[in-house]
Amino acid sequence: MAKTLAEKVWDAHVVRKGDGEGANAQPDLLFIDLHLVHEVTSPQAFEGLRLAGRPLRRPDLTIATEDHNTPTLDIDKPIADLTSRTQIQTLRNNCQEFGVRLHSLGDAEQGIVHVVGPQLGLTQPGMTVVCGDSHTSTHGAFGALAMGIGTSEVEHVMATQTLSLKPFKTMAINVEGTLKPGVSAKDIILAVIAKIGTGGGQGYVLEYRGSAIRALSMEARMTICNMSIEAGARAGLVAPDQTTYDYMFGRPHAPQGAEWDAAVESWNTLRTEDDATFDVEVDLD
């Protein structure tokens, strides 16, 4: 049976298939390739591990950055706000205790959690990416299945490197044509949301397709995938292409040499097959 891009990535990560179909379907258990952590949704998850006496399952697939409650001025001084200071220090203590790589304030690689992955080459096509933040869908611009998760799910990923998720429906967002001067990716996604509604994507993974999407930069694609959440969707993604590879090439954690060539060959298979069927298709000129 022909598959969409989202279905291909999902199926490649199933550790255990859930029972039942339709409304009675039980969750699948998916392997998670990359877990991004920040200071707001992780404290209770780390505490859960501590209380249960569990280690972090895969520190090598976990990376943390300080990004939600961080000042932009005087970062070398103590954080003035007590709550923010406490959250940042708690993250630092937890990362040290559990062996998590952390990019702290002052580190050149510290930044917004949705941007650090792409900039470092950690986010790659075909991956499953999760973070305790709804806008993790940003990473879908690389052809990754990227989802925001709650704190209890953060703990589950920390403990098992898996996530229990119910099957989703698929929606194609076909955007054709050429953007006029002054019109940006933000306008595209706002037009999509206006068309399907702020809850129109609920229960769906959206795949953005068409000539207008292919013409966008990676930053613009990230903008569109980021705001899939404002349409109520579980995730949004764009198939990888040469624009994706040009952005990724040479980044610190991207494959190098022969491994790069092999990776690109594999990533080129991450396409929705011509005869695959979406549950819903939406057209935008």
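This is a predicted model: local features need pLDDT of at least 70, side-chain atom pairs count only at pLDDT 80 or more; totals for chains, interfaces and linings use all residues.
## Overall build

Let's start with the whole chain. The protein chain carries 10 helices and 12 strands. Its radius of gyration comes out at 19 Å, close to the 19 Å that the globule rule gives for 285 residues, so the chain is as compact as a globular protein of that length. If you're setting up a box, the C-alpha atoms fill roughly 50 × 50 × 45 Å along the principal axes.

How much of the chain is buried? Buried residues account for 51% of the 285. As for how the chain folds back on itself, take the contacts with a separation of 6 or more: 75% of them link residues 24 or more positions apart.

## The five-stranded sheet

There's an open sheet of 5 strands here, ordered β5-β4-β3-β6-β7, and the pairing is parallel. At the edges sit β5 (101-103) and β7 (145-148), each of which pairs on one side only. Going from one strand to the next, the twist averages 20 degrees.

Now zoom in on one end of that order. Strand β4 (residues 62-65) runs parallel to β5, and 3 bridges join the two. Which residue of β5 is the bridge partner of Ala-64? That would be Leu-102.

## Nonpolar cores

The largest nonpolar core has 67 residues, and the ones with the most contacts inside it are Met-158, Ile-173, Tyr-208, Ile-224 and Trp-267. Helix α6 (residues 185-196) gives this core its largest share, 6 residues.

Ile-173 is a handy one to click on. Setting aside neighbours within four places in sequence, Ile-173 is in contact with Val-192, Leu-206, Glu-207, Tyr-208, Arg-209 and Val-282. One of those partners, Tyr-208, is also on the list of residues with the most contacts inside the largest core.

## A buried serine

Finally, a look at Ser-84, which belongs to helix α3 (residues 82-98). Is Ser-84 buried or exposed? Ser-84 has a relative accessible area of 10%, and because the cut-off for buried is under 20%, Ser-84 counts as buried. Not counting residues up to four places away in sequence, Ser-84 touches Asn-69 and Ile-79.

Note on methods: Residues are numbered from 1 along each chain as its sequence is written. Side-chain values use heavy atoms; hydrogens and water are left out. Helices (H or I, at least four residues) and strands (E, at least two) are DSSP runs, numbered from the N terminus. Buried means under 20% relative accessible area, exposed over 50%, partly exposed in between (1.4 Å probe, protein chains only). Contact means heavy atoms within 4.5 Å. A nonpolar core is a set of buried Ala, Val, Leu, Ile, Met, Phe, Trp, Tyr and Cys residues joined through side-chain atoms within 4.5 Å. Two strands pair if DSSP finds at least two bridges between them. Axes are lines fitted to C-alpha atoms, for helices over the stretch in contact, and angles run from 0 to 180 degrees between N-to-C directions. The radius of gyration is taken over C-alpha atoms; the globule rule is 2.2 Å times the number of residues to the power 0.38.
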